[in-house]
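Open the model in your viewer and keep the selection panel at hand.

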Amino acid sequence: MATVPGPSFTLIQLRYFAAAAERGSMTAAARDLVVSQSAISTAVSQLEKELGVQLFLRHHARGLTLTAAGSDFLRELRSFLAHAADLEETARSAGATLVGDLSVGWFTTLAPFQLPRLVAAYEQKHPGVRVSVVEEEHAHLKQGLRDGRCELSVMYGYDLEEDLDHVVVGAAAPYVIVPAMQRWLRRKRVGLRELADEPMILLDMPHTADYFTSMMAAAGVQPAVRFRSPSYETVRALVAHGHGFALLNQRPVHDTTYDGARALALELTDDVEALEIVVAWMRGARLTRRARAFVRLAKAELGTS
């Protein structure tokens with residue numbers, strides 16, 4: 001029986017196409033890859049001819065845009081290129097040393113507390129890996145996984161659709177911060193009902209605001225929100241200056257705000273669940289060895305090893 005030949009495109013052609021798609025320009029892709037622009041153009045043209053589809057729309061002086069077929073192809077190609085990089089890494093290191101690039105997304109309020117020490121620990125353990133960071137809020141992190149900007153994302157474990165997989169690496173219990181006034185100085189714990197008549201400073205980020213107001217509602221409290229801010233430190237400063245209380249999850253090691261005021265942290269007496277901290281990735285994606293090593297380290301460093 002005759003064997004039907006498969007496609008004859010090369011890995012170089014695939015890489016050149018991906019670079020041009022990511023940059024929206026063959027010239028920019030050539031500059032990044034340190035090759036000629038004609039090499040990129042020829043590779044892409046040969047790939048389109050082999051596949052029998054147009055991958056790009058070429059716009060004079062406006063670069064490139066992907067066709068529908070090109071977008072679909074790029075989405076599948078990212079996983080293939082990651083696997084190819086993993087094979088190359090395995091061959092070069094013979095299982096001993098990890099090398100290459102790893103892009104990790106971080107939820108914006110988790111990053112200041114977890115990112116520096118975790119990345120430092122990872123790079124000390126795997127100095128041959130170049131770690132890059134994308135710091136965003138929840139929805140943008142999920143999109144970053146889908147469009148290939150990140151291989152992994154460290155985030156909270158809520159609102160994760162079926163196309164995302166994850167592993168729990170830690171937990172962050174909610175707590176209250178109050179100004180350093182006399183009536184709070186000797187307190188260690190407080191119930192949400194005790195705060196019913198106090199103005200609230202709300203950390204106003206997507207999902208986060210709903211999470212905290214729902215927590216108050218479950219305790220039978222309708223919070224009177226005085227100020228809203230998407231900034232963790234602005235919320236702390238407003239509380240420290242006596243404008244109200246706030247609910248947070250990540251706890252700094254000291255109670256001093258940027259301007260030298262104090263915001264006291266009190267534990268909740270209410271039975272409220274901690275938020276799961278997870279590392280997420282695209283379901284069905286073959287994680288590189290670099291990514292798998294990061295997940296193992298995150299579990300060990302953040303408490304679920």
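What covers the buried residues of α7? This is a predicted model, and the cover includes the strands β3 (100-107), β9 (199-203), β11 (246-248), β12 (263-268) and β13 (275-282).

Now select helix α7 itself, residues 208-218. Colour T208, A209, Y211, F212, M215 and M216, which are its buried residues. These residues lie on the same side of α7, because they cover an arc of only 170° around the axis. Turn to the face directed away from that buried side: the exposed residues D210 and A218 are found there. Following α7 is G220, and its phi is positive, near 80°.

Next, the cores. Select W106, Y122, L152, L247 and F294: they have the most contacts inside the largest nonpolar core, a set of 74 residues. Helix α9 (residues 289-302) supplies the largest share of this core, with seven residues. Both domain 2 (97-169 + 276-303) and domain 3 (175-273) contribute to the core, each with at least three residues.

Which residues is F294 in contact with, leaving aside its neighbours within four places in sequence? Show L102, V104, W106, L118, Y122, L152 and V154 to see these contacts.

For the last stop, select V44, L64, L74 and L81. These are among the 20 residues of another core, which lies apart from the largest one.

Technical notes
Residues numbered from 1 in each chain as written. Predicted model: local features only at pLDDT ≥ 70, side-chain atom pairs only at ≥ 80, totals over all residues. Heavy atoms only, no water. Core = buried A, V, L, I, M, F, W, Y, C linked by side-chain atoms within 4.5 Å. Buried < 20%, exposed > 50% of the residue type's maximum accessible area, 1.4 Å probe, protein only. Helix = DSSP H or I, 4+ residues; strand = E, 2+ residues; numbered from the N terminus. Domains from an automatic or database assignment. Contact = heavy atoms within 4.5 Å. Arc of directions from axis to C-beta.
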